[in-house]
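Please look over the sequence and the structure before reading on.

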Amino acid sequence: MNNIPLRIFVMVLIAGIIGIVGVSILTIDITVLSDTYEVIINDHTKTLETTSDIRALIYKHQSVISKHISAEDEEKFGEYEAEAAEIEKSIKDEFEKLRPKMQDVERGPIFHDSYSGFVGYLANAERAVYFSRTGQDNTANYYVVYVMDASVRSVSEAFDKLDAYAESEIERASGEMNAYIEFSKISAFVAIPVIAVSMIICSLLCFKITSNLNSYKNQLEIDIENKNKALIEHNEKMLKLQNTTIIGMATLIESRDGDTGEHVKRTSVYVAMLAQAARQAGYERETLTDNYIEFLIKAAPLHDIGKITVSDTILLKPSRLTAKEYEKIKCHAREGGRIVRQVIGGIGDEEYINIASDVAAYHHEKWDGSGYNEGLSGTDIPLCARIMAIADVFDALISKRCYKESFPIDEAFNIIRESAGSHFDPALARIFLDIRPQIEDYLKSLGE
């Protein structure tokens with residue numbers, strides 16, 4: 001009997017030592033795992049940020065090359081070439097940041113694919129600059145729109161694989177972390193009945209560790225969320241650069257027939273006014289959502305991008321076109337739809353790509369089915385193309401072109417009125433006529 005307290009003390013001491021040692025080991029393991037997890041998160045987050053920066057810089061470089069093609073003097077050539085060289089150096093510096101991290105079996109080939117794509121892009125960019133300097137603008141445009149863009153997609157696809165690999169690594173590490181946390185909770189729960197009352201201190205310690213783990217997990221989730229926000233901001237910057245490139249391409253195409261890009265700006269404004277007025281009037285309200293209208297306004301500048309496939313001989317002809325020439329220029333609508341999907345397909349929102357493609361392909365279709373290229377009629381013509389058709393025709397009427405003088409405002413509105421139900425959606429034409437005061441105020445602000 002006298003030995004019972006001693007035995008109890010020894011049992012409690014042994015249980016306490018075992019419990020404390022076990023908990024200490026568990027704590028050390030979890031700390032090591034947590035530190036490893038944090039290293040993985042930081043490493044892959046930096047990789048994602050670097051790939052996003054490279055994508056953004058490449059789009060910026062492509063935009064500068066587009067500007068080079070539209071330049072007209074040596075000073076501008078030199079200025080854009082210097083800017084392009086500076087961006088090129090920045091891209092190479094970003095690639096050098098990635099290189100030390102890409103020595104393993106998984107990521108090494110992906111890195112080399114992306115860098116090879118970039119080298120190919122630079123070679124094509126040099127050719128575009130050469131053609132631009134030698135006055136071969138059509139060939140230079142072809143390199144920017146087709147060849148260079150293919151290289152950009154090659155780099156982007158390689159980075160997508162790298163991003164997917166990084167995300168899978170993060171998910172795997174997160175799964176291991178969560179599994180270990182669950183294991184520690186189960187271990188703590190099982191330990192309590194084993195060491196009973198004598199291990200209250202140990203239980204409290206386990207509870208404390210579990211609480212700390214949950215707090216640490218919550219903090220990690222907060223850190224991941226913050227880093228995801230940073231990545232989203234990078235993506236938004238990249239989208240802005242994409243939009244800048246697209247607008248530059250559209251303006252470059254418009255400048256071929258003497259326009260300075262004002263047609264692109266004005267038609268975008270008309271499209272915005274008409275789409276918003278149509279929604280307020282209750283027309284196609286389910287389709288004309290905020291996102292739809294925003295995408296439509298962004299897509300409007302691309303409506304004539306297919307003209308890049310039309311030769312200057314036809315596009316700038318001041319006299320009446322022959323039947324054969326007219327057939328060639330009509331093809332710009334179908335080609336525009338194809339080019340939009342080829343250039344921005346896979347790098348933008350699917351709804352935006354569909355709207356932009358429809359605007360380019362179908363804005364010359366007519367309500368009575370007499371338009372081109374598909375001969376669509378009525379509501380078979382996408383809503384975005386019906387809106388674009390009115391804006392495009394109205395601005396073309398009041399604008400001076402190489403083959404015609406500008407029409408008076410009154411006559412332009414009369415043509416819209418008379419063409420309702422034949423050329424244009426009659427409901428949209430009436431709404432456009434209703435917002436005439438708003439349109440005239442806008443034109444006055446431009447000094448028209």
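## Basis of the model

The structure is a predicted model, in which local features need pLDDT of at least 70 and side-chain atom pairs count only at pLDDT 80 or more, while totals for chains, interfaces and linings use all residues. Residues are numbered from 1 along each chain as its sequence is written, and side-chain values use heavy atoms, with hydrogens and water left out.

## Aromatic pairs

Rings of Phe, Tyr and Trp (its six-membered ring) are taken as a pair if their centres lie within 6.5 Å; planes under 30 degrees apart count as stacked, over 60 as edge-to-face and the rest as tilted. By this rule there are 14 aromatic pairs. For phenylalanine 295 and tyrosine 352, the ring centres are 5.8 Å apart and the planes stand at 45°, so this pair is tilted. Phenylalanine 295 belongs to helix α7 (residues 290-299) and tyrosine 352 to helix α10 (residues 350-362), so the pair ties together parts that are 57 residues apart in sequence. Helices are DSSP runs (H or I, at least four residues), numbered from the N terminus.

Both phenylalanine 295 and tyrosine 352 are buried, a term that means under 20% relative accessible area (1.4 Å probe, protein chains only). Elsewhere, ring pairs join Tyr130, Phe131, Tyr142, Tyr143 and Tyr146 into a cluster.

## Charges over rings

A charge sits over a ring if NZ of Lys or CZ of Arg is within 6 Å of the ring centre and within 35 degrees of the ring normal. The charged end of lysine 298 sits over the ring of tyrosine 352, 4.9 Å from its centre. Likewise, the charged end of arginine 99 sits over the ring of tyrosine 115, at 5.5 Å from the centre.

## Helix α6

The expected span of a helix is 1.5 Å times one less than its number of residues. Helix α6 (residues 262-280) has 19 residues and should therefore span 27 Å; its end C-alpha atoms are 27 Å apart, which agrees. Just after α6, glycine 282 adopts a positive phi of about 85°.

## Two buried residues

Serine 357 lies in helix α10 and is buried, with a relative accessible area of 6%. Its side chain reaches the backbone oxygen of glycine 337 at 3.4 Å. Contact here means heavy atoms within 4.5 Å. Not counting residues up to four places away in sequence, serine 357 touches Gly337, Val340 and Arg341.

Threonine 50, in helix α1 (residues 4-70), is buried with a relative accessible area of 9%. Leaving aside neighbours within four places in sequence, threonine 50 is in contact with Glu94, Lys97 and Leu98.

Technical notes. Buried < 20%, exposed > 50% of the residue type's maximum accessible area, 1.4 Å probe, protein only. Polar contact = N/O pair within 3.5 Å; in protein donor to acceptor, adjacent residues only side chain to side chain.
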